[in-house]
Amino acid sequence: MADTVSELPGGKLALSPVFGPGDELRSRAVALGDPTRYRIFEHLLKSAEPVSVSELTEFTRLNHTGIRHHLEILRRSGLIDEYREPPKGRGRPRLLYEASAEAKRGPTKAYERLSLLLIEAMTTQSSVRTIGRKEGVRLATELAPKYSDPVRVIHEAMIGWEFSVTLVNNRDFAAVVLNKCPLESAVNLAGKTVCGLHIGIIEGILSKLQGLELTDFEIHLPKVAACKIELRRHTESAE
């Protein structure tokens, strides 16, 4: 992984990492998997102004060397920006840190959502399937009031994860086919983890819906075939 110079608002220059395929997910999972780095990142994310090493030393009670080590890992993961403050008289200008623009935008993409859920699993020492079920319950609570057909809840939830979804919807059975996996690089690296999370999400959604039973969840490598969620209806329901 290399660095490139990017311009921040206000004309500030910062070093930004350039990622290869799959590097970004691994880097951010490692960076935020450490409780101290997660706490530093949260502090920077909530701070209205850039923060110095001295301020972070006071906040964490760690020494400067330890803080700089954690900041470098966060910077190289693309989660924070580092730059020097404008000169103010004599002395070397301080290095300042703030959450990167991408981090401030929040989990708007599939990989960002995946990263946050994996971080939650690591920091709470929960299985990815358990975290997936929790996310599925959240999605069902959000989407179920919008659709009278419970199959559409699963359909829309998977679209939200940026899958290209094909829906086969019959009176007694339904299938949700997940085409063009948006997490292909992650699946190739850690398929059991990523797919386990999505199985948990479907289980969580179904736990909040009535009239549907999961009969099969066909898992395939993205280059081989699309994954397919097969469902059986217990009652009639239409949108």
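Residues are numbered from 1 along each chain as its sequence is written, and side-chain values use heavy atoms, with hydrogens and water left out. Because the model is predicted, local features need pLDDT of at least 70 and side-chain atom pairs count only at pLDDT 80 or more, whereas totals for chains, interfaces and linings use all residues.

**View 1. A network of salt bridges links Arg-113, Glu-135, Arg-138 and Glu-142.** A salt bridge is defined as a side-chain nitrogen of Lys or Arg within 4 Å of a carboxyl oxygen of Asp or Glu. By this rule the count comes to 13 salt bridges.

**View 2. Glu-135 and Arg-138 form a salt bridge in helix 7 (residues 128-143).** The closest N and O atoms of Glu-135 and Arg-138 are 2.8 Å apart. The two residues are 3 residues apart in the helix and are therefore separated by about one helical turn. Helices are DSSP runs (H or I, at least four residues), as strands are (E, at least two), and both are numbered from the N terminus. Glu-135 has 10% relative accessibility and so counts as buried, whereas Arg-138, at 39%, counts as partly exposed. Here buried means under 20% relative accessible area, exposed over 50%, and partly exposed in between (1.4 Å probe, protein chains only).

**View 3. Arg-138 also meets Glu-142 in a salt bridge.** The N to O distance between these side chains is 3.2 Å. Glu-142 and Arg-138 lie 4 residues apart in helix 7, a separation of about one helical turn. At 40% relative accessibility, Glu-142 counts as partly exposed.

**View 4. Glu-156 and Arg-152 are joined by a salt bridge within helix 8 (residues 150-160).** Their side chains meet at 2.8 Å, N to O.

**View 5. Strand 5 (residues 95-99) is mostly covered.** Of its 5 residues, 5 are buried. In a regular strand the side chains alternate between the two faces of the sheet. On one side of strand 5 are Leu-95, Tyr-97 and Ala-99, and on the other Leu-96 and Glu-98, all of them buried.

**View 6. Strand 5 runs antiparallel to strand 3 (residues 51-52) and to strand 4 (residues 80-84).** Two strands pair if DSSP finds at least two bridges between them. Strand 3 is joined to strand 5 by 2 bridges, and strand 4 is joined to strand 5 by 5 bridges. Leu-96 of strand 5 has Ser-52 opposite and also Tyr-83 opposite.
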